[in-house]
Amino acid sequence: MSNRLSSEEISGSTHLQSYDRAHSSLLQIDENYHVEVVDSISGLLGYLEDWHQLIPHCSISNAFYEPYFLLTALQKLHHEPKLRFVFVYRQHNQFETTNELCGFFPLESAQIEMYPRSGWKLITNSLSFSCDPLIRAGYENEVVSSFIKWSKWAHCSIVEFPCVSAEGVFHSAIKHALNGLGITPFIVKTSQRACLRRDSQHLETLNVRRDINRKRRRLAEQGQLELRILKSPEQLANWQNGFLSLEERGWKGSRGTALNQNPSQRSFFLTVTRQAFERSKLQMLGLFLDGNPIALKCNMISGQTGYAWKIAFNEDFARYSPGLLLEYDFMDYFRNQTELDVFDSCASPGHPLFARIWPDLHSRQTILVPTGILMSKMYCSSRPLLRSLKRTLLIKSS
C-alpha cells in the first residue's frame, strides 16, 4: 500500500472497520494502558474509526489534529518527513478484549536549535495554530504519562511540544507527568494570544461603538452593505475563490505569501475547507458591498471551540475598515449563539486587530522535554545559559 494515499481516501473512508490496526511497535505501559505507534500515513487507515470516535470526547479540542485537516496537511504541505503517530489505548478491564483510544500524539522528526542530534516534535506547519494532542476527557494524567514513558522507551532523546496550552487540563497533566517521572523540561517561550469567551462580561465603550457605527454608515453610503454567512453547498466554491482572490489582492499578495500564489497551499485550502464544510466544521462570514465581498472570515470549528483561521479584506476600502467592521459583526454573532464556548484568534501576540478588540487572552507555550540520553537532560538544563550567551554575542556583534 502506498504511503501517499490521498487525504480524501484516508479521511473520507466509509469502510473503516475493514482495516486492521497495523502498528509498527507496541509498548505495554501498565495493566491499563498501552501505546501503539504507526510510522506511515497509510498505516493510519486502521486507526481512523477510533480517531474519529475520540474527537467529540477530548478535553481540549484541536481542529488542526482532526483527520480531515491533519491528513490533508501531510499530503499537501509536508515533504516526506519522518513521522510517528502515537496512539494511547486504555483497556476497560481485564475481562474485555476491546480497547478505548484515549490519546493521539502526531510526531515528526525535528532538528532542535543548538541540539546536536535530531529529536521529535508534535506536527505543525504554517497553517496550523495549535499542537494540543487529542486526549480523552478524564484521562489526561494517565495519557500524558503514558506518552512520556513511551518516549523514553523509544529513545526519542528529546520531544518538543510547540504551541500547546499553558493553562487548563493539558498543562496540569504534563506538569503532573514530568514531576512524577523526575523530568525537568525547558520552556522555550510562553505567550498570550487573544480569544473570545462566550461568558465574558467585557463591553465596548460607547465611543468605540460610535466610531464603528460611523464607519459602517459611511461604507453603506457607497452601496448596499450586508453581512452574509455561508449556508449552501452550492455557494461554497464562490466563497472559496472569493477569499483566495481577496487575500491575493492585499498585502499578502504584494509580499508573495498569499495562498493563491502557492499551488500547494491553494490546493490545501480548497481541500480542507470543502472537507470541513461537509462535516459542518467550517464557518465563513463576509461583508458584501453591492454583492461583492470586501471582507471575508474563514473559521474552523472543533467541539465547542472555534478558530479564526484566515481573514482577508479589500484594501481599496481600507479607510472604512471593512475587516474591523466584520470582526465586530462576528463578535455579536458569537455572543448570540450557544454552540461554542470559546474562539481562538490564532493570531500572534499583540496582533494590531485582535489584541485591540478581542477582550480575553489564552496562554500558550513551547516546551522541550528530555526523554532519553544524558545529553538531552544536560541540554535542557543548560538552555537558559546558552540562550543568555547567544544574546550576549548578538549584542556584541551589533
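1. Aspartate 290 sits in the loop between β10 (282–289) and β11 (292–302), where strands (E, at least two residues) and helices (H or I, at least four residues) are DSSP runs numbered from the N terminus. Phi of aspartate 290 is near 55 degrees, a positive value in a residue other than glycine. With 48% relative accessibility, aspartate 290 counts as partly exposed, given that buried means under 20% relative accessible area, exposed over 50% and partly exposed in between (1.4 Å probe, protein chains only).

2. On the basis of the note: this is a predicted model, in which local features need pLDDT of at least 70 and side-chain atom pairs count only at pLDDT 80 or more, while totals for chains, interfaces and linings use all residues. Residues are numbered from 1 along each chain as its sequence is written, and side-chain values use heavy atoms, with hydrogens and water left out.

3. Serine 157 also has a positive phi, of about 75 degrees, although it is not a glycine. Serine 157 belongs to the loop between α4 and β7 (158–165), and at 4% relative accessibility it counts as buried.

4. Serine 165 is found in strand β7 and, at 4% relative accessibility, counts as buried. Its side chain makes a polar contact with the side chain of histidine 362 (3.4 Å), a polar contact being a pair of N or O atoms within 3.5 Å, of which, within protein, one must be able to donate a hydrogen and the other to accept it, and residues adjacent in sequence count only if both atoms are side-chain atoms. A polar atom of the serine 165 side chain also lies 2.7 Å from the backbone oxygen of glutamate 167. Leaving aside neighbours within four places in sequence, the residues in contact with serine 165 (heavy atoms within 4.5 Å) include Ile60, Asp132, Phe170 and His362.

5. Helix α4 (residues 140–153) and helix α5 (residues 168–181) have axes that come within 8 Å and cross at roughly 50 degrees; the axes are lines fitted to C-alpha atoms over the stretch in contact, with angles from 0 to 180 degrees between N-to-C directions. The two helices are therefore oblique to each other, since angles under 35 degrees count as roughly parallel, over 145 as roughly antiparallel, 65 to 115 as roughly perpendicular and the rest as oblique.

6. Among the α4 residues that meet α5 are Val144, Ile148 and Lys149, and their counterparts in α5 include Phe170, Ala173 and Leu181.
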